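The following briefing concerns a single model and is arranged by topic. Please consult the sequence and the structure while reading.

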Amino acid sequence: MSSVIDLLKSHRSIRKFTGKAIEPELMEELFNAGQSAATSSFLQGSTIIRVTNSEVREKIAELAGNQPYIIKAAEFMIFCADLKRAGNYCVDFDKPFEGDYTEHFIIATVDVALMAQSLVTAAESVGLGICYIGGIRNNPGTVSDLLDLPKGVYPVFGLCLGYPDQDPEIKPRLPLSVIVKKEAYNEDGDKEAIEEYDERIREYYRTRTGGGHGISWSEQVATLLSEKSRPHMKSFLADKGFKFR
Ligand SMILES: Cc1cc2nc3c(=O)[nH]c(=O)nc-3n(C[C@H](O)[C@H](O)[C@H](O)COP(=O)(O)O)c2cc1C
């Protein structure tokens, strides 16, 4: 149908990379592609920090829960939501800074995700592999200190980028009937569709783990939502100036 659609449908996270570096000209093009994403209110509320220092990468890999691909990837970067850059101009134009509303947080966080995903699509289109790293939010304060992130800037996720040294299976997504609804929210038919999907996911994990115990999607997400999730984020964000007014 379209090579872009085929590319998007072939996505899978890559967690093993060859040692091959990414050419600087290509990196610049990937950043250009990322930056071309739509940006709410033209705020452009994202900042990318490239982490090249191997000691800092090792430290972040440990802080993110010992994820070795952070060290091995050709590139590792942290995507930050940034209200500081725009906020600086409130001072210049003698306006009160009111940039700590929940809405501003949403705007900046969405901007970051859109920019990252455009960069990711561009990277995958030239044969690179990627893995997002939400694990950096295990220790967002220490990660922020390592990168000198000021108030108004918070690390949303990391991204590993490099030439793949593995060819993992595509992870099946929920059936479209569960995701796409007509006119209004409803859960018609979802239970049955998810039961079938659970079986596909069990099989996916069994294959991936060489016959090991395959967990279903529903059990996996139920477990996720039954546990506390990074409860430090609320106070961390407040310290960074995101007050959620
Ligand atoms: C914001 C975000 C954070 C993620 N954080 C991690 C991470 O810390 N470590 C990891 O190995 N994978 C991470 N992932 C990858 C997901 O586990 C993966 O996208 C999901 O299981 C679907 O698999 P796929 O990308 O291969 O299709 C993250 C994905 C996203 C979107």
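Gly65 comes after helix 3 and has a positive phi, near 95 degrees. The model described here is predicted.

**Helix 3**

- Helix 3 spans residues 54-63, and Ile60, Ala61 and Leu63 within helix 3 are buried.
- The packing partners of the buried residues of helix 3 are helix 4 (69-72) and helix 7 (140-146).

- The model contains an open sheet of four strands, arranged in the order 1-2-4-3 with antiparallel pairing.
- The edge positions belong to strand 1 (46-50) and strand 3 (129-133); each has a single partner strand, so one side of each lacks a neighbour in the sheet.
- On average, and with direction ignored, neighbouring strands of this sheet are turned by 25 degrees against each other.

**Pairing of strands 2 and 4**

- Eight bridges join strand 2 (residues 75-82) to strand 4 (residues 153-162), and the sense of this pairing is antiparallel.
- Which residue of strand 4 does Ala81 stand opposite? The residue facing Ala81 is Tyr154.

Notes. Residues are numbered from 1 along each chain as its sequence is written. This is a predicted model: local features need pLDDT of at least 70, side-chain atom pairs count only at pLDDT 80 or more; totals for chains, interfaces and linings use all residues. Two strands pair if DSSP finds at least two bridges between them. Helices (H or I, at least four residues) and strands (E, at least two) are DSSP runs, numbered from the N terminus. Axes are lines fitted to C-alpha atoms, for helices over the stretch in contact, and angles run from 0 to 180 degrees between N-to-C directions. A residue is buried if 20 or more other C-beta atoms lie within 10 Å of its own, exposed if 12 or fewer, and partly exposed in between; C-beta atoms are placed from the backbone. Two residues are in contact if their C-beta atoms, placed from the backbone, lie within 7 Å.
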